[in-house]
Amino acid sequence: MECKNSKDINLEELKKQRVRLHESSFEPKEIYRGYADRSLYINLTNNEVKVKEISSDMKEKFTGGRGYGMKYLWDAVNPNTRWDSPENEIIIAQGPIGGITQYPGSGKSYVVTVSPLTGLPVDSNVGGFFGPLCKFCGFDALEIQGKAENDVVIFIDGDNNKVIIEEAPGECTNSHILAKTLTAMYADSEEDKMNVSVVSAGLGAEHTRFGILNFSHYDLRRKECKLKQAGRGGIGTVFRNKKIKAIVVKRSGIKGDLNNPHDLDTIIKLGIKLHREIYENDTKQCWMRVHGTTQLVDAMNAHDLLPVNNFQFGEHPEAPKIGKNSFEKIFDRSNVDGCWYGCTLQCAHGITGLEIKTGPYKGQKIFTDGSEYETLAGCGSNCGVFDPYQVSETNFYCDTYGIDTISFGTTVGFVMECYNRGIIDKEVTQGLDLDFGNWEAQMELMHQMARGEGFGMIVGQGIHRLKKLFVDKYGADKEFLHDIGMEVKGLEFSEYISKESLAQQAGYGTANKGPQHDENWLIFMDMVRNQIPTFEDKAEALFYYPLFRTWFSIMGLCKLPWNDIMPSDNHLTDEPAKVPEHVENYIALYTAVTGNDFSEEEMLRQSEKVYNLQKVFCLKMGKGLREYDYIPYRAMGPVTVEEYESRSERYDKHLKELVKIDPDGMTVEEKIKELRKYREAQYQTLLDVVYKRRGWTKNAIPTLERLKDLGIDYPDVVDVVKRFL
Amino acid sequence: MKIVATKPELCIGCKACEEACVKVLFKDTDTEKSAIVITELGDDKFDINVCNQCGECIEICPAQAIYRNKNGVVMIDGDKCVHCYACAGFCPTLSMRYHKEITGPFKCIACGACTRACPTGAIYMEEV
């Protein structure tokens, strides 16, 4: 259902169209030391709703957040489950620290499902108020299974302890209107809107495999709903396939002690300390409060790391146009741009009055949250688009249609290169001139995705399926498409050039869900600062950082306040990349919330249980072995003559110094071949060392000893692993 | 708008101001809960830290719990406050207070009790 403008909406008319399918009450439950110890299960096939107790074993082994999501999903699905099978679940979970208001970055939700892109369990993190409000309704996790017959809205009413499921045919599906509509519908007053949060997708999520979920929170100053995205892996596609139009939560009376922590005093002191650090250091370090993540466009461009024209190149003279200086002028910054109470880091800002030039909202002036780095790089430079207003419109439509800006940008970049090289033509694109830089054509693809028609709908299936289509139907060179199609396991790459960082290549390749940087971001450590020169150093980083970063996902925390702001003396510490003082903060926070003694070693061990379960889960779903960790060669080095020649000095030097070959007299093609042989061998060697460090076999299978040591050697886990050993 | 103005060179460190402050704010005698804070710097010199009502905390509050009252004094609405303490970290003069026995941040309300208790005129109410 599409509608033109939120001003046209009549709430009473919409309410009249509702058909109630379920209403039930639940017992209120206070949180104790960060946990409610129960979850809310909803089955949309039969409208069954039940409150489930969370066992002490589950709590001990999987901690919360993504850990709970993975375990619930593991229990719910079998190897034949596909993303659109009714038994597939969407789990939205918080962690024990999530919801505290004092420490910046403590409002994250973690969403887990079987991905339409990869067929694997995918996890995606998201801000917005939904997670904390849901937790304070008395639930550590929300578990949704089954499929509704018609579009439904699920309402979790934490003020009256009720769950209501209603058919909702009237509401607009697109998120910027739907979130505003439902926030107004369920709030009692303007101020009460802050107590309401909406999870929604959009029309684009219905017709593509890379649908997202938007999590809203109301901005009292702008009087707008801000939207944060659980972007990766197509969770929004599953959401719309289950015919969920929205999930709404309401919980009033938010205060800083609702987690009922063991030691509130310590939490507040740690929070004030970090607020002060941000106050003093933001404009000396990352400038998040001013530029958001747009400053990364300039930083990546300066280091030859910004994807340009489908990851062919790492810099472009026009890149600053979509960087920090442009957005400093375009953003209407507010001092409260955090996505949960108390996040003063404020990584994203908004644009008010953006005039829309295309599609159903053409001519309207809208508010949009962002743009952020990944969108600017993916939908901007990677597609040859360097106009900040155009990319901001792409960002707006991706969000409201429920489309992942990363998968969209990476996929369209791939399609543009195929068009550019004559692999596909206008007959295939159904008339669209998909040259790099043609923003209007890019937007038409997106509107087609929302309408479920044309070449846009085909592109919306993602690179993995496009490669097969272009080879099978249009006679494309399979090997070349494999080299330039930036996907692993079916998921599109996030927006960093990894050609000169072997550690980042393996970080992308070995990431459980596919090539997303939230598991590893090692480029600066590896390439720029040369802090991890040996295979062993790299493997240690590829052991530590995925586990350290996983820990945020089981706690309900955001990664950014860990290292996008740092103590002034961080550079004097033994391991500045780890930001040791902040690691100490997190250890103290965990103890202060839960009352449990804690250490860095235990932190990694908590993560390792979840990480290894997810790895075995990938095996269970058929894509967990070493062969699925291979990456397209463009992520390792130059595929084409143009790429080589754009950095011939660097590559010639590598041939001389590393490969021990004199490039003089060799053709570019010969040089590419020799460099490739060397780099691919390096990658394979690194995989061996990484797997060993992680306690896995050479074929990337966790050993039975490792699983036993971690205490996750459940019979059904062991059965899966035994099949591959 | 009246604020508590300071002349630290006149301060003798008697802390009568702190005692007067906690009595008004919390009917208490624990000067750790005072909104005005005297710190000894050595050599009989003292720092006087108290809110100057600049209002930067109003903008940083995510719950819009901080406001200027009709007299221009920056106040905290305890019902709206979500206890994030962003105001405490972002106060330019570090004059927003926290004490573990007090729920939520607190600050000088420019009542003038401290200035009346000061024996030397080191603090006084000033119209700005």
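Entry 1. I began with helix 5 (residues 175-186) of chain A, which lies across strand 8 (152-157), strand 9 (162-167), strand 10, strand 11 (213-219), strand 12 and strand 13 of chain A. I noted that this helix runs at about 145 degrees to strand 10 of chain A. I also recorded that the model is predicted.

Entry 2. In chain A, seven strands make up an open sheet with mixed pairing, and their order is 1-9-8-13-10-11-12. The edges are held by strand 1 (19-25) and strand 12 (224-230) of chain A; each has a single partner strand, so one side of each is left without a neighbour in the sheet. From one strand to the next, the twist averages 20 degrees.

Entry 3. Strand 10 (residues 196-200) and strand 13 (residues 244-250) of chain A run antiparallel and are joined by five bridges. Which residue of strand 13 of chain A is the bridge partner of Ser197(A)? I found that it is Val249(A).

Entry 4. I turned to another sheet of chain A. Six strands form this open sheet in the order 3-2-7-4-5-6, and here the pairing is mixed. Strand 3 (48-53) and strand 6 (121-126) of chain A stand at its edges; because each has a single partner strand, one side of each is left without a neighbour in the sheet. The twist averages 15 degrees from one strand to the next.

Entry 5. Within this second sheet I checked strand 4 (residues 90-93) and strand 7 (residues 141-145) of chain A, which run antiparallel with four bridges between them.

Entry 6. Helix 3 (residues 66-76) of chain A lies across strand 2 (38-43), strand 3, strand 4, strand 5 (109-114), strand 6 and strand 7 of chain A. Its direction is at about 20 degrees to strand 5 of chain A.

Entry 7. Finally, I considered the whole chain. I recorded 30 helices and 17 strands in chain A. The radius of gyration of chain A is 24 Å, close to the 27 Å that the globule rule gives for 725 residues, so chain A is as compact as a globular protein of that length. Along its principal axes, the C-alpha trace of chain A spans about 80 × 60 × 55 Å. Of the 725 residues of chain A, 66% count as buried. Among contacts in chain A between residues at least 6 apart in sequence, I noted that 72% join residues at least 24 apart.

How values were computed. Residues numbered from 1 in each chain as written. Chains lettered and ligands numbered in written order. Predicted model: local features only at pLDDT ≥ 70, side-chain atom pairs only at ≥ 80, totals over all residues. Heavy atoms only, no water. Pairing = 2+ DSSP bridges. Helix = DSSP H or I, 4+ residues; strand = E, 2+ residues; numbered from the N terminus. Axes fitted to C-alpha atoms, helices over the stretch in contact; angles between N-to-C directions. Contact = heavy atoms within 4.5 Å. Rg over C-alpha atoms; globule rule 2.2 N^0.38 Å. Buried < 20%, exposed > 50% of the residue type's maximum accessible area, 1.4 Å probe, protein only.
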